[in-house]
Amino acid sequence: MPVRIIVGAQWGDEGKGKVVDLLAEHADIVARYQGGANAGHTVCIGEKTYVLHLIPSGIFHPHITCVIGNGAVIDPAALLSEIDQLQQAGIDINGRLLVSHNAHLIMPYHKMLDTIREKTADKIGTTGRGIGPAYIDKFMRCGIRIVDLLDRDILAKKLAANIAEKNQILARVYGETAIDVDKVIAAYQEFDIKIDPFITDTAVYLNTALKNNKRIIAEGAQGALLDVDHGTYPFVTSSNPTAGGACTGLGIPPTSVETIIGIMKAYSTRVGNGPFPTELHDETGESLRTLGHEFGATTGRPRRCGWFDAVATRYSAMINGITKLVVTKVDVLDGLETIRVCVGYEVNGRQLKSFPTDVKTLERVTPVYEDFEGWKTPLASTRHWEDLPKAARTYLRALGELTGTELWMISVGPRRDQTLLVV
Ligand code: GDP
Ligand code: IMO
Ligand code: MG
């Protein structure tokens, strides 16, 4: 059963890129199953830092084949620029990147509609990468898939219908200028020539790999609390980052999944709008942001910071079926006298039994905190579990217990070597 799914268990940016890169050493394939260039996955190798948006975080290991599955939405311009950047950095991707022919394409009008909607009162605080509008078209069954690029007539017909509809919305509702169909056809045909070598039926590829006992890492983007079904709707992304999304987003059977690895930051962050019960608006929040470099890897926006929320992450562990827990960025808490963890929610003096996913309730909850002693020692060079200060081990064990998961790995810095296994 060779599939390991890596999921972000909070609101994204948990350090998935670092962990996927690390685990890829002992894998054959790394496959992205949802989302698009809204993701920003950072991988630090020695002194070099790379940020990946669409390309899976296994790309830095020459033996790895990277797959972008049918569940992802692909902006070809973003993909090509990422390929270009990697090639310029000396990373050979030839024959190592496969893109599903069934993946949907992000079109210029998706980005326009996303940006325009974000100017209204209903804004979500999206990344502006066209993700929501592209998934709307997918589920409306009028989306354009990579396979459609193969036939100019089909592409022209589908684009003309889409653009006619979108132009009406853009002009009538938003007073925006119309999109020229021919220009879009020409641009996407140009993209097609460039991305053609990477396109294949990735579901067949992955299932053949499974038969041959290849080890696959399914890389989630975003996080469980941004899941369109299970997150803090409507302040979510438009796909399923949760573990279930890996099977539909790659075309692999649930029975192929061996392990679900949940990544949690030792505190919480969120980018964009939406409820965040443990958010800190004080100096501690500011210092988490500064010490943790909590600025979006895709948009550069400051991330909202707060204490670890064990109610939200316990829910996340349940929805994902997390079997192994990785806690990242523990070193960011080094200087704190006291570290708080939210262990319950109260509304009108009543304790809630489960995580409310309706935002109205979530906005009103009062977190109930348990305080932990800080370790006040730098952890960045610690390499063994037994060498961690007792207070750090107590804190980390508590996160495992409170979330009902098996504490497996700890990260104390962005580099590969700044990682230790829990014994
Ligand atoms: P992702 O979207 O889940 O891949 O996470 P991001 O790359 O958006 O954000 C995580 C940030 O934290 C990146 O800048 C990483 O280099 C960094 N990082 C990852 N693990 C650690 C860690 O253990 N300690 C510190 N200080 N930084 C880390
Ligand atoms: P990674 O993979 C953190 C957030 C946006 C916004 C909401 C919807 O790096 O963890 P979208 O552009 O997807 O329609 O925006 O989701 N968001 C992320 N937050 N990390 C991400 O990706 C995110 N991708 C989207 O900020 O609140
Ligand atoms: Mg990120």
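This is a predicted model: local features need pLDDT of at least 70, side-chain atom pairs count only at pLDDT 80 or more; totals for chains, interfaces and linings use all residues.
Two helix pairs were examined for their packing. Two packed helices are described by the angle between their axes and the distance between the axes. In the pair formed by helix α3 (residues 108–117) and helix α4 (residues 131–140), the axes are 7 Å apart and the packing angle is about 120 degrees. That angle makes α3 oblique to α4, and the crossing of the two helices is right-handed. On the α3 side, the contact is made by Tyr 109, His 110, Leu 113 and Asp 114. These residues meet Ile 131, Pro 133, Ala 134 and Asp 137 of α4. Sorted by class, the residues in the contact of α3 with α4 comprise 5 nonpolar, 1 polar and 2 charged.

The second pair consists of helix α5 (residues 152–173) and helix α6 (residues 181–195). Their axes come within 10 Å and cross at roughly 135 degrees; α5 and α6 are therefore oblique to each other. The crossing in which α5 passes α6 is right-handed. Helix α5 contributes Arg 152, Leu 155, Ala 156, Leu 159, Ala 160 and Ile 163 to the contact, while α6 contributes Val 181, Val 184, Ile 185 and Gln 189. The residues of this contact between α5 and α6 divide into 8 nonpolar, 1 polar and 1 charged.

A further helix, α2 (residues 76–88), contains Ala 78. When residues up to four places away in sequence are not counted, Ala 78 touches Ala 37 and Leu 54. The C-alpha atom of Ala 78 is separated by 9.5 Å from that of Arg 129, a residue 51 places away along the chain.

The surroundings of two ligands were then considered. Around ligand 1 there are 19 residues, of which Lys 16, Gly 17, Thr 42, Asp 331 and Ser 411 come nearest. Oxygen atoms of ligand 1 take part in contacts with both backbone and side-chain atoms. A backbone N or O atom of Gly 17 lies 2.8 Å from an oxygen atom of this ligand. For Gly 413, a polar backbone atom is 3.0 Å from an oxygen atom of ligand 1. In the case of Arg 303, a polar side-chain atom lies 3.0 Å from a ligand 1 oxygen atom.

An N or O atom in the side chain of Thr 127 is 2.6 Å from an oxygen atom of ligand 2. The side chain of Asn 38 places a polar atom 2.9 Å from an oxygen atom of ligand 2. From the backbone of Val 271, a polar atom is 3.0 Å from a ligand 2 oxygen atom.

Two features of the backbone geometry remain. Most residues other than glycine have a negative phi, and most peptide bonds are trans. Asp 13 has a positive phi, near 60 degrees, although the residue is not glycine. Asp 13 is placed in the loop between β1 (3–8) and α1 (16–23). The peptide bond from Tyr 233 to Pro 234 is cis, and its omega is near 5 degrees. Pro 234 is found in a loop as well, between β10 (216–219) and α8 (244–250).

Definitions and conventions
Residues are numbered from 1 along each chain as its sequence is written. Chains are lettered from A and ligands numbered from 1 in the order in which they are written. Side-chain values use heavy atoms; hydrogens and water are left out. Helices (H or I, at least four residues) and strands (E, at least two) are DSSP runs, numbered from the N terminus. Contact means heavy atoms within 4.5 Å. Axes are lines fitted to C-alpha atoms, for helices over the stretch in contact, and angles run from 0 to 180 degrees between N-to-C directions. Angles under 35 degrees count as roughly parallel, over 145 as roughly antiparallel, 65 to 115 as roughly perpendicular and the rest as oblique. A crossing is left-handed if the near helix is turned anticlockwise from the far one by less than a right angle, and right-handed if clockwise. Ala, Val, Leu, Ile, Met, Phe, Trp, Tyr, Cys and Pro count as nonpolar, Asp, Glu, Lys and Arg as charged, and the others, Gly among them, as polar. A residue is near a molecule or strand if one of its heavy atoms lies within 4 Å of it. A polar contact is a pair of N or O atoms within 3.5 Å; within protein, one must be able to donate a hydrogen and the other to accept it, and residues adjacent in sequence count only if both atoms are side-chain atoms.
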